[in-house]
Amino acid sequence: MQKKLIRITTTSGSLDGLLQNQLKFMSDYFEVIGISSKGIRLDNVRKEQGVRVIPVQMSRSISPFKDLIALYKLYTIFSEEKPFIVHSHTPKAGLLSMMASYFARVPHRLHTVAGLPLLETTGIKRRILNFVEKMTYAFSTRVYPNSFGLEKIILDHNFIDQSKLKVIGNGSSNGIDLAHFDPNLFSLEDNHALRKELNIGKNDFVFINVGRMVTDKGINELVEAFCKIQETFSDTKLLLLGEFEEKLDPLFPETVEKIKNNPNINYLGWQWDVRPYFAISNMLAFPSYREGFPNVVMQAGAMGLPSIVSDINGCNEIIINGQNGCIIPPKSTEHLYKAMVESLNNGTSKFKNVRESIAVRFDRSVIWNAILAEYDSLTPNQKK
């Protein structure tokens, strides 16, 4: 009889996207259950990954009453299911599931850290988030930062002892599917048709950003730098793919106005498939303030795109400065502008073996097997 493995994230989008196909892989070794807030993508996990799912509503924001309800529901589920491992991702799911699984006496309580929102907060909120992070780690049995930079930050903040920490493989929560993110899947005809649809000229240089449209992702600086570029370079475009979040971390109002009114900025919203847009672009511009291990940078690299990234953990582990992209100081419109201008003036041909640099370090099968090895270190499992 297979032991039970519960994987849990706060939102269904994270369970479906962040861990895409990983639950299906693990189901060869465990009875896998997926838990997240209710959503259409939770149903996708059930259908596409072939695992049982249980909806538990969790709020991403601080909400004591809702959190207590979710905590009790999780405790009830863990007590009934009796999993051998509960493995959580995302901050709120981490806190609630590590606490609930501790009280339900789950023997192995694992939490992956893929970013620390607290790094961009101050005052009383920062103290609360620091306490929450320490609580999550205290109730866990193992903690996996998904980058070496993140591991250092956790140790520097004294959130946990080194003995509980481990970075799996070269970092990343799920690796990259190189068969899926492959520029050869898109023909010149496909790319030409999409560029025409988006009113992108044959010789236009295209920057792209994929991610939430929030301040922490550096979108204010990106839009400002791009608008400044427009004063000199008319044959360039900016593609923005992602959803606005007006409550948690909104953009400046003037940034939103520039996005709406600049004809050379194409805001395309959230997209199920970002590959066609990578295929028509020249460079990823990703000036984020904080990350765990950004999938977008790996995806762009697998599609052959060099990246401009901030000098922050995760980003500076994927990008090797001058080889598959360039690294700039975070929160600097001026440095971002200079890096973008250099790309426009000199092109991207100096960046060699962009796809190969991703393939040798972050192939998905390598990451999955490394995670499985962690599970096997807790209990030997035979493939069914």
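Visitor: Which residue in S9 stands opposite Leu238?

Guide: Please note first that this is a predicted model, in which local features need pLDDT of at least 70 and side-chain atom pairs count only at pLDDT 80 or more, while totals for chains, interfaces and linings use all residues. Residues are numbered from 1 along each chain as its sequence is written, and side-chain values use heavy atoms, with hydrogens and water left out. As to terms, helices (H or I, at least four residues) and strands (E, at least two) are DSSP runs numbered from the N terminus, and two strands pair if DSSP finds at least two bridges between them. In this structure, Leu238 stands opposite Ile265 in S9. Strand S8 (residues 236-241) is joined to S9 by 3 bridges, and the two run parallel.

Visitor: In what order do the strands of this open sheet stand?

Guide: The order is S9-S8-S7-S10-S11-S12, with 6 strands and parallel pairing. Strand S9 (265-267) and strand S12 (325-328) are at the edges with a single partner strand each, so one side of each has no neighbour in the sheet. On average, neighbouring strands of this sheet are turned by 25° against each other, direction ignored.

Visitor: Which helix packs on the sheet and touches strand S7 (205-210), S10 and strand S11 (307-310)?

Guide: Contact means heavy atoms within 4.5 Å. Axes are lines fitted to C-alpha atoms, for helices over the stretch in contact, and angles run from 0 to 180 degrees between N-to-C directions. The helix is H12, whose direction makes about 170° with that of S10.

Visitor: How many residues of helix H9 (residues 219-229) are buried?

Guide: A residue is buried under 20% relative accessible area, exposed over 50%, and partly exposed in between (1.4 Å probe, protein chains only). In H9, 9 of the 11 residues are buried, and the helix is mostly covered. Among them are Leu222, Val223 and Phe226. The buried residues of H9 pack against S7, S8, helix H10 (253-261), S9, S10 and helix H14 (333-346).

Visitor: Which residues of helix H3 (residues 40-49) are buried?

Guide: They are Arg41, Leu42, Asn44, Val45 and Gln49. These residues cover an arc of only 150° around the axis and therefore lie on the same side of H3; the arc is that of the directions from the helix axis to the C-beta atoms. The exposed residues Ile40 and Lys47 are on the face of H3 turned away from its buried side. The partners of the buried residues of H3 are helix H1 (12-18), helix H2 (22-26), strand S2 (31-36) and strand S3 (52-55).

Visitor: Is Ser97 buried or exposed?

Guide: Ser97, in helix H5 (residues 91-103), counts as buried because its relative accessibility is 0%. Leaving aside neighbours within four places in sequence, Ser97 is in contact with Ile8, Leu74, Phe78, Val86 and Ser88.

Visitor: How many aromatic pairs does the structure hold?

Guide: Rings of Phe, Tyr and Trp (its six-membered ring) pair if their centres lie within 6.5 Å; planes under 30 degrees apart count as stacked, over 60 as edge-to-face and the rest as tilted. The structure holds 11 aromatic pairs. One of them is the edge-to-face pair of Tyr102 and Phe103, at 5.2 Å centre to centre with 80° between the planes. Phe25, Tyr29 and Trp368 form one aromatic cluster.

Visitor: Over the face of which residue does Lys228 lie?

Guide: A charge sits over a ring if NZ of Lys or CZ of Arg is within 6 Å of the ring centre and within 35 degrees of the ring normal. Lys228 lies over the face of Tyr337, 4.3 Å from the ring centre. The charged end of Lys3 sits over the ring of Phe84, at 5.3 Å from its centre.
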